[in-house]
Structure formats: structure tokens, C-alpha cells
Amino acid sequence: MPACADTLVAEFEQLAEECRMCYQCGQCTSSCPNGRDLSGGPRRLVRLVLAGEIEAVLASDDLWRCTGCGACTDACRMDIDVAGVLTRLRSLERANGALRCPERSAAQVAARRLDRHPRIDNLVFGATMAARGHVPRDLAGAAEAGFKAATQVLPRRRGAAAAAARRAADTAGPEAVTLPFYAGCSLPQDGALHALVHEVAAGFGVLLDEAPGAGCCGHPSRGTVPSYFRPAELVFTACPACDASLEKAGVATTPVWDALTGRARRRGLAVRAAAPAFVPYVGCLVERDAALASLAAAAELAGAQIRLDFPTLHSACCGALGGMYRGATRGSARLLRFAAGQGAPVVTPCVLCRDNLRSAARQLKLRVPVYFWPEFFTAHCDASGGCDRCPTT
Ligand code: SF4
Ligand code: SF4
């Protein structure tokens, strides 16, 4: 760790001034979806800032295990922007520290990539991380993701999503609606899943018009690169991290699953669920109450039971703090054990959470299926307005 330069000391003094009203109540740490897995949570970092413990702050892995969800800022009764303080501390650590943790490396690798390319490439990302000595915690999961990403370049697999979108457009009736869609980085690297999203949306009578060349959303776990994507109109998203980051960049967004559920309700579509009951998991980056309500609305339409434990469990960290899976968290382990006890699968609107929970289930040897929203809910709409499920009004 370098000796603290005057500018670094001055910036810490500024941060301490902004945190001076902190009375260490701990609301920030108790609201943090990662709180149980951070060594002291945001409260400890604020305390260290107030104490002028610059080196201890910059040496804390917690800085890089924060997903930037903002729950701590919302919870602070003294109006301290705790999440903003942590973001600035990460910038200071990046400029002055020498921490070696996978989350920091992940942010650095991603930021370098995004300086030159619009999207993260999971294969390149994984290889670079491995070359830096950060071996994936779930080798089976990493191999599966790598295989899927690698097969995207095969001629038979390339363009599967575009072909699914064309098929949907060819078969859709005149009453289908078209929504502007932002797919993010992860979904396009799994061609079959990407195609499934188009197919499932078409079942609800919705065609997804993907923004050509839309790049990374600019999520903080990807480093310091701002969103490349600045549309003027509302866009529909398939990823809570994209949703949160684009909103921060001033883009109006709505989860596409909400649009599908709303469409099904308005048009009286029959929605099907893959199991009679499920445990919801919404992740830390969404509007949590709204996301749980949205899953409950889909469940009601499908006649499926939604099994809830205490509310925050369903948004506790999935195990990818800062964008790198680092093993089951206390929250994800408890969620999966709850689902196992219920004999029900987990359903999530986030594909990254799905993959992390699958990794955690493998690690914990729990036979709990984990579904991404479009793998669990489907509908059929011929979009003609003429079938018995689809009133024309
Ligand atoms: S919620 Fe606010 S006042 Fe309470 S410990 Fe956290 S930063 Fe300090
Ligand atoms: S921004 Fe979210 S993850 Fe980060 S410390 Fe605050 S509550 Fe925890």
C-alpha cells in the first residue's frame, strides 16, 4: 500500500464530512442483501472512514463485494448516501490501493474490455480471470457457461435468437405488440435461452425488437464504464442489473416480465407454470417489493402457489458479489434449503441469479431446480383476437 498522498487524505476528509452524522445504528448493514456475508458491512466502512483509517478501508474486500444496489442509502435515517460513498471509495482504491480480490479483478478486467468493445465476452472474461489466478468456484457451472458461449460461433447455433424473433414475427397475428428490448451482455451468450425469451414473449403476443449493437449497461461491477446505450424511449429489459444501471443513466426501463404479465391479464391469456408451486427469488438489484409482487401476479394467473419465507431472504445475495460467483452465501443457502423443504423450485427474473443459485445448489448438494422466468411461465396467444381465451375488447 503506498503512503497516503495529500489528495487521498483530502478526499477521505471530504467523505468523512459527508458521513459525519452517522451514529452507527447499523440500518445500512441490516438492509444490505450482502450484509451477512461482508465482514462488517457498510457500517464498518463508514466507521473506518470517520476514523480516518484510510489503509484499512482500502484493504477491505467488502468494498468490492458491494453490488451497488443502494439499499443502504435508502435505509440510512441520517440521509447519508452510503452506496455513493462506497462507489467513491472503490475509485480511490482503484487509484491508490493494491487489493487482490476476485471482485476487484473482475471489475478491472471488465472495464478494460468495455473500453474497446461494447459487450463483455464471457469466454474472454473467464480466460483472463483464470490467467490472473482467479479459478472459478463452480467449475461445472463455468464449463457449462463456457460451452454455451463457445457454441454461439458454430454456424448452426449462430443467430438462433434472431431466427426465433423472425419466426415470431412471421407467425404473429395483427394484434401482436412490438416492444423495444434490451438484451444485455449475458443473455446473448446463451443462444438457446435468448431464443427462448423471444419465443415465450411471442406466446404472450409480444414481439421483442432488440436494439442493434446495444452494449453494456454500465453496471458498477463492470468497472467504471458508463452505459453505451442511450435510447430516447422506454425499453424493456430481461436483467435486473441492466434495469438498475440504465435507470441510473437516465433511461426509462421496465422488466419485460412485467409487460408479459400485464398483457396476459388484460387479454385473459391462459398462463402456464412449470410446477404447481415455487419459491421466488428476485435478487438484490431490483425494486424488491415490486419484483416479488410481479412474480406473485404471474403465479396468480398461472394458478401456482408462491411460497414465501421472511421477505428479505428472497433478495439476499445470490453469491456473485461484485459480479463474480464466490460460493453459496448464507442467504442463498437458506433460500435453497427453504425451497428443498417445500419441495418447490426457485424462480427468478435474473439469469445471473439463476446460474449462481444453481452453482450454490450443486455446492450444497441440494436437488432444487432453479428457473429463469421464461423457463417457468409460458402462455399461448394466437394474437388474432378470435380465440376463446383472448377477448377482443
Ligand atoms: S444507516 Fe446511516 S447512520 Fe446508520 S450506521 Fe449506516 S451510515 Fe451510519
Ligand atoms: S450498495 Fe447494496 S450491496 Fe453495497 S453496501 Fe449498500 S446495501 Fe450493501
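The expected span of a helix is 1.5 Å times one less than its number of residues. Helices (H or I, at least four residues) and strands (E, at least two) are DSSP runs, numbered from the N terminus. This is a predicted model, in which local features need pLDDT of at least 70 and side-chain atom pairs count only at pLDDT 80 or more, while totals for chains, interfaces and linings use all residues. Residues are numbered from 1 along each chain as its sequence is written, and chains are lettered from A and ligands numbered from 1 in the order in which they are written.

I'll take helix α15 to begin with. α15 covers residues 288-302, 15 residues in total. From its first C-alpha to its last, α15 reaches 21 Å, close to the expected 21 Å. Which residues of α15 are buried? They are A291, S294, L295, A298, A299, L301 and A302. Buried means that 20 or more other C-beta atoms, placed from the backbone, lie within 10 Å of the residue's own; exposed means 12 or fewer, and partly exposed is in between. Seen down the axis of α15, the buried residues fall within an arc of 165 degrees, so they line one face of the helix. That arc is taken over the directions from the helix axis to the C-beta atoms. An α-helix has 3.6 residues a turn, so residues three or four places apart point the same way. On the other side of α15, D289 and A290 are exposed. After α15 comes G303, with a positive phi near 70 degrees.

Now the ligands. A residue counts as near a ligand if its C-beta atom, placed from the backbone, lies within 6 Å of it. Ligand 1 is surrounded by 14 residues, the closest being C22, C25, Q27, C28 and C76. α2 (27-31) and α3 (41-50) are the elements that give two or more residues to this shell.

Ligand 2 also has 14 residues around it, and C32, C66, C69, C72 and A83 are the closest. α6 (71-75) and α7 (82-96) each supply at least two residues of that shell. The largest share, 3 residues, comes from α7.

Last, A75, which is found in helix α6. Is A75 buried or partly exposed? A75 counts as partly exposed, because it has 18 C-beta neighbours inside 10 Å. Leaving aside residues up to four places away in sequence, A75 touches Q27, C28 and S31; contact here means C-beta atoms, placed from the backbone, within 7 Å. S30 is 45 residues from A75 along the chain, and their C-alpha atoms are separated by 8.8 Å.

Technical notes. Two residues are in contact if their C-beta atoms, placed from the backbone, lie within 7 Å.
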